Amino acid sequence: MTLRPSGSSAARGGALAAATALLLTGCSTMSNDGGSGLPYEPQHKTVAEAKDLVRAQSSAIYDAAGLREANNGAPDAAPCDGVDHGFRVRHFWSMYGPNADALKQAMDRLHQDLPAKGWKVQRFAPAKSEAKQLQLDVEHEKEHHTATIELLLPSTYEDASKWEKATRDSLSVSVTSPCYVDPAYKVGD
């Protein structure tokens with residue numbers, strides 16, 4: 001199954017998910033010896049190949065969640081600091097359920113089922129946000145993509161802001177690739 005746009009507004013909580021993903025997969029600057037400073041040698045992939053792989057990883061997460069609605073968003077490429085012609089791909093999107101209980105069940109399914117699909121659980125605990133809602137951080141053991149999935153339930157906030165009251169309950173997802181290298185890569189691809 002692939003992600004399908006639902007006509008929903010942009011993913012909520014993307015900034016938190018983006019910050020978490022960057023902390024989990026941040027690129028180091030080049031060392032004085034000309035190395036990338038990364039704990040791995042970046043693979044050669046075109047931007048299109050890397051985006052397709054991130055979409056496939058996002059679809060696998062969507063399928064494992066067992067929900068029927070998501071806003072697809074589009075993966076984007078950004079430079080990987082310190083790596084000549086290096087880039088990484090990030091994909092921010094959200095999943096929605098019929099109610100908060102369905103989202104909680106989907107989060108539990110992801111925690112239980114993703115390891116059988118090649119994902120290693122790095123963290124499953126309350127987020128380090130003010131709401132402290134449940135967050136799942138995983139890394140794909142073969143492809144080294146990372147994903148942060150946060151359960152966002154603004155309907156349960158005691159003193160919800162006007163913005164929070166207008167926000168749907170969701171699972172906010174951020175999938176980030178490792179650094180790849182493509183001599184043809186240009187910022188904006």
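Helix H2 (residues 47-65) and helix H3 (residues 100-113) have axes that come within 8 Å and cross at roughly 120°. The axes are lines fitted to C-alpha atoms over the stretch in contact, and angles run from 0 to 180 degrees between N-to-C directions. H2 passes H3 in a right-handed crossing. A crossing is right-handed if the near helix is turned clockwise from the far one by less than a right angle, and left-handed if anticlockwise. On the H2 side the contact is made by Ile 61, Ala 64 and Ala 65, and on the H3 side by Ala 106, Arg 109, Leu 110 and Asp 113. Contact means heavy atoms within 4.5 Å. These residues divide into 5 nonpolar, no polar and 2 charged. Here Ala, Val, Leu, Ile, Met, Phe, Trp, Tyr, Cys and Pro count as nonpolar, Asp, Glu, Lys and Arg as charged, and the others, Gly among them, as polar.

The model is predicted: local features need pLDDT of at least 70 and side-chain atom pairs count only at pLDDT 80 or more, while totals for chains, interfaces and linings use all residues. Residues are numbered from 1 along each chain as its sequence is written, and side-chain values use heavy atoms, with hydrogens and water left out.

The protein has 4 helices and 9 strands, in the order α-β-α-β-β-β-α-β-β-β-α-β-β along the sequence. Helices (H or I, at least four residues) and strands (E, at least two) are DSSP runs, numbered from the N terminus. Of the 189 residues, 46% count as buried. Buried means under 20% relative accessible area, exposed over 50%, and partly exposed in between, with a 1.4 Å probe and protein chains only. Among contacts with a separation of 6 or more, 67% join residues 24 or more positions apart.

The largest nonpolar core has 33 residues, and those with the most contacts inside it are Ile 61, Met 95, Leu 110, Leu 114, Ile 149 and Leu 171. A nonpolar core is a set of buried Ala, Val, Leu, Ile, Met, Phe, Trp, Tyr and Cys residues joined through side-chain atoms within 4.5 Å. H2, S4, H3, strand S6 (134-140), strand S7 (146-152) and S8 each give two or more residues to this core. H2 supplies the largest share, 8 residues. Beyond its neighbours within four places in sequence, Met 95 is in contact with residues including Ile 61, Ala 65, Leu 110 and Leu 171. A second, separate core of 5 residues includes Leu 38, Val 83, Cys 179 and Val 181.

Cys 179 also forms a disulfide with Cys 80, their sulfur atoms 1.6 Å apart. A disulfide is a pair of cysteine sulfur atoms within 2.5 Å, and the count comes to 1. Cys 80 lies in the loop between strand S3 (76-79) and strand S4 (86-96), and Cys 179 in the loop between strand S8 (170-176) and strand S9 (180-181), so the pair ties together parts that are 99 residues apart in sequence. Cys 80 is buried at 3% relative accessibility, and Cys 179 is buried at 1%.

Most residues other than glycine have a negative phi. Two histidines have a positive value.
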